[in-house]
Structure formats: C-alpha cells, structure tokens
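Subject: The structure I mentioned

Hi,

Here is the structure I said I would pass on.

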Amino acid sequence: MRTHRGNLNTCRYKNRAYASLRSPHQRKSGSLQCRMLFLLISPVLLSGCSANDEALPERWFSATQVEQGANIFASNCAVCHGERAQSTPDWKKVDSNGAYPAPPLDGSAHAWHHDLSVLKKTIAHGGIPLGGTMPAFADKLSEDQQVAVIAYFQNLWPDHIYRKWAERFFNQ
Ligand code: HEC
C-alpha cells in the first residue's frame, strides 16, 4: 500500500536522481524546471508539460525517456547485452576469448548494486579502463541519451529490485 510518506520519499529520490545526473546548465533547463515543479509542488502545475513526460509511478524517469532509451539501447547495446538486456544464460562464464560476456541489465544480475553515477560512468567510459571489454559511449551518446538508456533498462527491473535499489541509494 502506498502511504503518504512513501510518496514523499519517492519524490525525494527522484529529485536527487536528477540532481546527480544533470550538469548545472541542464539543471536550469525549462523541461527540468517543469518536472521539478511537478515533483515538488503539485501535479496541477503540470499543465505546461506533456502528459507523456510524467515520471512513472515510483520511478525517477519518464515514459518519454524509456521510449528514447529503447531506441538507443537497440542500436548501441543490444548487440552485447541482448535485445531486452537479458544477456546470455552463461554470462558468468568466460567466453572463448577469456573475457566475460556482457551481464544482463534487466534486474536479474548486479546492475542494481550501482547508483546512477556509477551506471553513468560505466556507459560513458566503458569497462576497458578497468580491465573489461565494454566500449566507451561518451563520444557517441549525449548525456541525455546516456540517462535515457539507463531509464530504459531500469524500467525492465521488477518492482522489488527497483525498490531495493532506490532504498539503497536514495533513502539513506
Ligand atoms: C561490445 C559489447 C558491449 C556493448 C556494445 C555494450 N556493453 Fe555494457 N558491458 C559489456 C561488458 C563485457 C560488461 C562487463 C564489464 C566489462 O567487461 O567491461 C558491460 C557492463 C555494463 C554495465 C555494468 C553492469 C553491471 O552489472 O555492473 C552497464 C550498466 C552497461 N554495460 C551498460 C551498457 C549500455 C547502456 C550500453 C549501450 C549504450 C552498453 N553497455 C554497450 C559489453 C558491452
């Protein structure tokens, strides 16, 4: 059951998610201000935002970001992580090149052990600097696109996994 307090917490972690992901320039952007108003004051003030841009229940991202992220994921990530971020059942075993396959990002592995800034760094810089094989996307995807792709795969996480992640990183 969703309590009043639960809703407040949801808002709090949504705001922190945005704050940690946006550059100061982007923080001033009109659409974000609109979203902040939505989160902080009242949905009535939403009239200026498209209905489609509302944050999904209990999640920090909007349906629009998930949709954008799906396209980005299909063209950049699915080749290694799988069409629906499910990877391969053998993702824990090294392949014939001695490297680990890309892990699932659908909530069935350990992506939820990382906060947004770590997920974002992984996408921006890849895994090669840490001895892995994932390529870097900082030059290929804008910051908004990187955030949208996180929204896409976090949207695949079952509620209980998303909740554990949110409690760990936003409700301390
Ligand atoms: C060439 C294959 C490849 C592509 C393309 C790729 N990845 Fe990865 N990814 C990996 C591998 C392999 C790892 C494990 C770490 C390593 O070896 O670098 C990984 C790890 C990750 C992790 C950390 C997961 C965890 O549980 O710690 C995230 C998040 C991630 N990738 C997201 C993405 C996203 C988003 C894209 C597309 C923008 C993408 N990856 C594209 C291969 C890939």
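Below is what I found, going from the whole chain down to single residues.

First, some ground rules. The model is predicted, so local features need a pLDDT of at least 70 and side-chain atom pairs count only at pLDDT 80 or more, while totals for chains, interfaces and linings use all residues. Residues are numbered from 1 along each chain as its sequence is written.

The overall picture: the chain has eight helices and zero strands. Helices here are DSSP runs of H or I with at least four residues, strands are runs of E with at least two, and both are numbered from the N terminus. Buried residues make up 24% of the 172 residues in the chain. Buried means that 20 or more other C-beta atoms lie within 10 Å of the residue's own, exposed means 12 or fewer, and partly exposed is in between, with C-beta atoms placed from the backbone. Of the contacts between residues at least 6 apart in sequence, 53% join residues at least 24 apart; two residues are in contact if their C-beta atoms, placed from the backbone, lie within 7 Å.

Now the ligand. There are 23 residues around it, and Cys77, Cys80, Gly127, Gly132 and Met134 come nearest. A residue counts as near if its C-beta atom, placed from the backbone, lies within 6 Å of the molecule. By type, the shell has 15 nonpolar, eight polar and no charged residues.

Next, the largest nonpolar core. It has 23 residues, and those with the most contacts inside it include Phe73, Val149 and Ile150. Such a core is a set of buried Ala, Val, Leu, Ile, Met, Phe, Trp, Tyr and Cys residues joined through C-beta atoms within 7 Å. The elements giving two or more residues to this core are α4 (63–76), α6, α7 (143–154) and α8 (159–170), and α7 supplies the largest share, seven residues. Val149 touches Gly69, Ile72, Phe73, Cys77 and Ile123, not counting residues up to four places away in sequence.

How do α6 and α7 meet? Their axes come within 10 Å and cross at roughly 115 degrees. Axes are lines fitted to C-alpha atoms, for helices over the stretch in contact, and angles run from 0 to 180 degrees between N-to-C directions. On the α6 side the contact is made by Leu116, Leu119, Lys120, Ile123 and Ala124, and on the α7 side by Gln146, Val149 and Ile150. These residues divide into six nonpolar, one polar and one charged.

Leu119 of α6 is buried, as 20 other C-beta atoms lie within 10 Å. The C-alpha atoms of Leu119 and Ile150 are separated by 7.5 Å, although the two are 31 residues apart along the chain.

Last, the backbone. Most residues other than glycine have a negative phi. Ala85, in the loop between α5 and α6, has a positive phi near 60 degrees. Ser87, in the loop between α5 and α6, also has a phi near 60 degrees. Ala85 is buried, with 25 other C-beta atoms within 10 Å, whereas Ser87 is partly exposed, with 19.

Cheers

Conventions. Ala, Val, Leu, Ile, Met, Phe, Trp, Tyr, Cys and Pro count as nonpolar, Asp, Glu, Lys and Arg as charged, and the others, Gly among them, as polar.
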